[in-house]
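Hi,

Here is the structure I promised to pass on. Have a look first, and my notes follow below.

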Amino acid sequence: MTETEYRHPLMAAYWTRLDTRFAQVEAVFDDLVAEALAVLTPEGFAAYLEAGRVIGKLGRGVEPMLAFMEEWPSAAKAVGESALPSVMALIQRMQKSPNGRAIAPFLQTVASVAKRLQSQELLQDYLDVTLDFMERTTGSIHGHHTTFPSPGLPEFLAQAPALLHQLSLAGLKNWVEYGIRNYRTHPERQKDYFGLQSADARAVLQRERHGTLLADVERKLDLYLRGLWRDHDHLVPYSTAFDEIRKPVPYYDKLGIRVPDVYDDLVVAADTGGEPVRIRGLDRYRAVLAHIVGHRRWSEAQIADNWSPFQRMAVEFFEDCRIETLLIREYPGLGPLFLALHPKPSADACDPETTSCLRHRLAMLSRALLDPGHGYVDADLLDAVQRFHAVMAQGESSTQEMASLALSYVARTRRASDQFAKIHFADTVVDYRDDNRQLWKFIEEGDEEEAFDAQRKIEPGEEIRGLPPRHYPEWDYGSQTYRPDWVSVYEALHPAGNAADIDRLLAKHGALAKQLKKLLDLLKPQDKVRIRYQEEGSELDLDVAIRSLIDFKSGATPDPRINMSHRTSGRDIAVMLLLDLSESLNEKAPGSGQTILELSQEAVSLLAWAIEKLGDPFAIAGFHSNTRHDVRYLHVKGYGEHWNDEVKARLAAMEAGYSTRMGAAMRHAGHYLAARRADKKLMLVLTDGRPSDVDAHDERLLVEDARQAVKELEQDDIFTYCISLDARADEYVGDIFGRQYTVVDRVERLPEKLPALFMALTK
Amino acid sequence: MTDKAQYQVQQAPFYQPQKNEVALYEAAYRNRLPVMVKGPTGCGKSRFVEYMAWKLGKPLITVACNEDMTASDLVGRYLLEANGTRWIDGPLTTAARIGAICYLDEIVEARQDTTVVIHPLTDHRRTLPLDKKGELIHAHPDFQLVISYNPGYQTLMKDLKQSTKQRFTAFDFDYPDAALEARIVAQETGADEAVAARLVKIGGVARALKGHGLDEGVSTRLLVYAATLIKDGVAPTDACRMALVRPITDDADIRETLDHAIDATFA
């Protein structure tokens, strides 16, 4: 302390009690004390100074002490000052372990954590989690002494407030547990995980979040869209976790419908004042989707350039109400849902003298348009409501009509204060509505397309060793003739990889495999075959019995073999699975971290396993092409082979590249299948796009060729069936395969879909 | 001789024509052409055949086909008696003798070798050889063969042989459009039109999910069941769950979606 500066004697006494020489603390000491005195009781304040003194003496520098002095008062305010001893206890434990370095980060975030948790018990739980984490990740040699500090602890403590923002404590525990279990012995990975840097840290975080996760209800929502609204689109989640200031709002564009990754259940007070209503996260998603579907059905984009932002906002509110009215007409049950989610601003919440009340007025209006029992008395509002209903009574109305209603309403209710910078926001956000970006088109910006270059990777073709090529014709639909010997198919054994990879994939789908096994058992007894002329059997064979009796009556020796029994004969199906291994398989499947190739591998492994169990003869082959001179047909499994490690190794090594010349590959696969002796022959084609190749500029050419190949196979009694992973497959797959195809629109479900489909086909 | 009267359709069945199928059937019958009725389950195939039998005043013999059915189940067999054997006609033979309309329901369920016995009855010969009995039956002039099947099963095992298919004229049935279906449900059960319309709407939801986890949508028959339950005083939401959702799916997601549709419709 400098001699010249005056210090209040009381302050000086406190300073003495703190007993420290850190200049940084001294610089802010007066402010800290003032804040602490305002929050803490005298005893609490004494404990605060004492704790500060202890922390200062730990020999960890100024940082922990400064953090504590700054953070504790607000933490105490949130959870009560009686939590201090347990916090100090944890600090002591850290001090005694090699983790002293973590004390500063711990103290820096403890206040935010406390504010988030708001209860001493929960804070205690948090401290326990931290302690447990520390003890388990601190390195020890021979199990006796803890010698290395926990690598992840400081990272974890720094992330704690953000984590608790999204996770319940139970979720946090699970998340920490996952990290410890997997990365205890890997310091660098541990740091990444607890610093939220690694992908799985985020993935596990996503999984443990509270509320209804989109991933969990995605299929239900998909069914909802299809079933109730005859609509379909990709649901693309955006994260609400990492964007605190600007809250993203649902919207849709040509890539899909964007919705939050999670919705918490919402509890709202009931209108009638009774029990509060609980709206499930799933229903909130449904409300969003219904609203967006409404726009897609009934809204028409308006030219925005001539309207002010206020006018546009009003148009949006009117239009939103129009489509919601129409939605409710379709399904009356949506009414209560919308109303429960729609804010109900109180009429006098906004002061027009000081604040811009436009949002408030429009939110009230929006409420009134939907809720007959709104109870507002403003004359302009009532007039607008009445005019709205009059228009809606005529039919569906239109965006245009809504715009004119909105403009006249804005003109009539305009106030000077609408321009104020201070805007009334409370209770004006209708969170199930999208941001209406599709409602506007702007002329000025122009609508130039995004130019993108189709990237196609053509690697220098490696020399194919092995059999000479086989030539196949190709169908030219233009002249309705075959181009003879047009395509060269090189066949080879697929290179081998690591069979254990496939075993791991199968293990991953253990539960699914179990389920499949049940189905398989049901499927096995396929054909009942009667065995007649049995002396002992399960049933009397009436025809034979009568013949015997006639023989007997007429004096001849009767045949005693008058019974019959049943035997279940094997299925007689030969199957060929043809895999498209074109470049596009390397793309990530939407909504999943895996590439389509990986998912196909999983699906094919499961299917192969299932068919092996059934005992049907079965072959797998992959194909890709790089012009007509180089179609590669790669054997993965032959009919003679069992589902063994060699086959698995080949499957594991599967790689994607080049293009899809489907017709030639099907013809080649067909010639193998035709050579089989079986009652039924089935060729499954698993593909993710339309047939195409770099040297085919007319995109219909190869589609027509594939269609021709299907016809040829049909003549050979081969039933072809296509499983397409292309969401846009409906445009062409029917042209090729007729009715014999399925489009798997959720690619990540392929592993369960494919075997199920096979069984349904051969049941 | 078999009692013909027992096969006569006594009461006029309710049938709401969708298009001109009644006139077309009459034309087929006038010329005794075999008829195949295709369509999803519960869309009114059997009802149509019954109605036509009534309208034409002909006896109707219906055989529900199944996997265990053998040719002799259709044609007939010898039975043992105390002092010998007795031939008993199968339903197909009976129909051919008395001049009935023989209706083989869900023909694909029968084993393929079984269905071949109908071939001689379906072309110009119109005969049925009973090889065990050593008799050749010439079909009665009124005899007609009708089969039904549901092409919705996508499996390579259950399909008619081309040689069988090509012996029939065919009707392609589907669920009627919403307004008509509502009228059918209302007429059939006496339920109120508005309720019927809502039921049909829910039916539409389920049909839109076909191929996305549902093998078949809700049939008109199930809608009629639901309306019947509602008529009996069951709460509509319960009746729909019981008659429309629980029977068709065990998939939890689909079930929940349909339940939601019911709640949203009957709110």
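Two strands count as paired if DSSP finds at least two bridges between them; helices (H or I, at least four residues) and strands (E, at least two) are DSSP runs, numbered from the N terminus. Residues are numbered from 1 along each chain as its sequence is written, with chains lettered from A and ligands numbered from 1 in the order in which they are written. This is a predicted model, so to speak of local features we need pLDDT of at least 70, side-chain atom pairs count only at pLDDT 80 or more, and totals for chains, interfaces and linings use all residues.

On to the sheet. Chain B has an open one with five strands in the order 2-5-8-1-9, paired in parallel. Its edges are strand 2 (60-64) and strand 9 (169-172) of chain B; each has a single partner strand, so one side of each lacks a neighbour in the sheet. Strand 1 (residues 35-38) of chain B runs parallel to strand 9 of chain B, joined by four bridges. In strand 9 of chain B, B:F171 is the bridge partner of B:V37.

Now the interface: 25 residues of chain A are in contact (C-beta atoms, placed from the backbone, within 7 Å) with 24 residues of chain B. Helix 12 of chain A gives the largest share of chain A's side, seven residues.

The model scores ipTM 0.74 and pTM 0.61.

Cheers

Note on methods. Two residues are in contact if their C-beta atoms, placed from the backbone, lie within 7 Å.
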